[in-house]
Amino acid sequence: MEYQEIRYEPKDRVLVLTLHRPDKLNAFTGRMLSEMLDAFDKIDADDDIRAVIVTGSGRAFCAGADLSSGSGTFDARSGAQNVGIEARRDGGGRLTLRIYDCKKPVIAAINGPAVGVGVTMTLPMDIRLASTEARFGFVFARRGICMEAASSWFLPRVVGVSQALEWTYTGRVFPAAEAHAGRLVRSLHAPAELLPAAHALAREIADNTSAISVTMTRQLVWKMLGADHPMEAHKLDSRAITALGQSPDAHEGVGAFLEKRKADFKQRPSKDMPAFFPWWRERPFE
């Protein structure tokens with residue numbers, strides 16, 4: 001697929017995916033959705049990519065859905081996807097579920113306003129860093145719609161129920177300092193220091209860890225958020241530690257530690273994951 005509304009820039013095992021409609025504050029479109037879905041498929045298939053940074057072009061991260069079509073923007077009856085309510089899928093949710101299943105760590109470098117789907121798309125990303133000039137808004141109640149992109153599942157798990165409800169009930173836009181205080185973002189950075197900080201974090205992962213270890217860890221943590229008892233985690237991590245413990249990467253990791261040298265991990269998520277991965281059931285719409 002030829003990318004027109006995103007930039008896909010891999011370098012030295014770190015992929016920078018940039019939302020690229022700067023003249024429209026990177027407002028989210030159907031084309032951007034298709035390009036991002038395609039990009040995450042490429043990311044998972046490319047073992048040379050160890051970590052992903054998502055950011056925006058220009059002064060915004062993503063200003064939310066493109067509203068240029070007018071008051072009927074969210075009216076399914078006015079669009080091409082004229083299907084019944086039970087069959088229609090929210091585009092933002094398709095994206096967040098794809099990121100949720102990604103095999104690679106995903107870091108959001110939120111460089112400016114992130115509103116509506118512009119902020120909910122970051123929720124399944126693993127770590128969010130923000131510029132001090134960023135602004136955030138879960139503005140759905142002010143547009144006469146509701147939470148989307150599976151954010152009713154993600155947001156309370158990231159920031160807690162009370163904070164999630166305050167932000168979504170009011171729909172107000174709030175500054176980066178409040179996002180940091182509410183634990184939506186991990187750290188704040190001067191604008192010029194944001195991408196270097198994201199790259200430093202990505203490099204820490206890419207240069208020092210086993211790719212299959214990170215892939216397994218990412219999915220254990222995310223998938224266990226819905227478990228109803230820690231025994232479910234015990235069952236899965238028992239299988240995982242048994243499988244990975246006898247892998248070449250485990251032997252290399254322990255050997256490197258004992259020999260006081262840098263580990264040279266060679267296993268790859270595209271072909272070396274344990275046979276039970278992915279263990280989660282197939283879901284509707286797939």
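**Rings, charges and cores**

A: In this predicted model, tyrosine 3 and tyrosine 8 are both buried.

Q: How is a pair of aromatic rings described, and what are the values for phenylalanine 154 and tryptophan 222?

A: A pair of aromatic rings is described by the distance of the centres and the angle of the planes. Phenylalanine 154 and tryptophan 222 make an edge-to-face pair, with 5.6 Å centre to centre and 80° between the planes. Because phenylalanine 154 belongs to helix H4 (residues 151–159) and tryptophan 222 to helix H8 (residues 211–223), the pair ties together parts that are 68 residues apart in sequence. Phenylalanine 154 and tryptophan 222 are buried, and together with Tyr100 and Trp153 they form one aromatic cluster.

Q: Over which ring does the charged end of lysine 223 sit?

A: The charged end of lysine 223 sits over the ring of tryptophan 280, at 4.1 Å from its centre; arginine 239, for its part, lies over the face of phenylalanine 276, 4.3 Å from the ring centre.

Q: Which residues of the largest nonpolar core touch the most other members?

A: In soluble globular proteins, nonpolar side chains tend to be buried together. Here the largest nonpolar core has 49 residues, of which Leu17, Met36, Phe136 and Leu184 touch the most other members. Helix H1 (residues 30–45) gives the most to this core, contributing seven residues. Leaving aside residues up to four places away in sequence, phenylalanine 136 touches several residues, including Ile110, Val119, Arg172, Phe174 and Leu184. Another core, of 12 residues, lies apart from the largest one and has Ala51, Ile53, Ile107 and Leu194 among them.

How values were computed
Residues are numbered from 1 along each chain as its sequence is written. This is a predicted model: local features need pLDDT of at least 70, side-chain atom pairs count only at pLDDT 80 or more; totals for chains, interfaces and linings use all residues. Side-chain values use heavy atoms; hydrogens and water are left out. Buried means under 20% relative accessible area, exposed over 50%, partly exposed in between (1.4 Å probe, protein chains only). Rings of Phe, Tyr and Trp (its six-membered ring) pair if their centres lie within 6.5 Å; planes under 30 degrees apart count as stacked, over 60 as edge-to-face and the rest as tilted. Helices (H or I, at least four residues) and strands (E, at least two) are DSSP runs, numbered from the N terminus. A charge sits over a ring if NZ of Lys or CZ of Arg is within 6 Å of the ring centre and within 35 degrees of the ring normal. A nonpolar core is a set of buried Ala, Val, Leu, Ile, Met, Phe, Trp, Tyr and Cys residues joined through side-chain atoms within 4.5 Å. Contact means heavy atoms within 4.5 Å.
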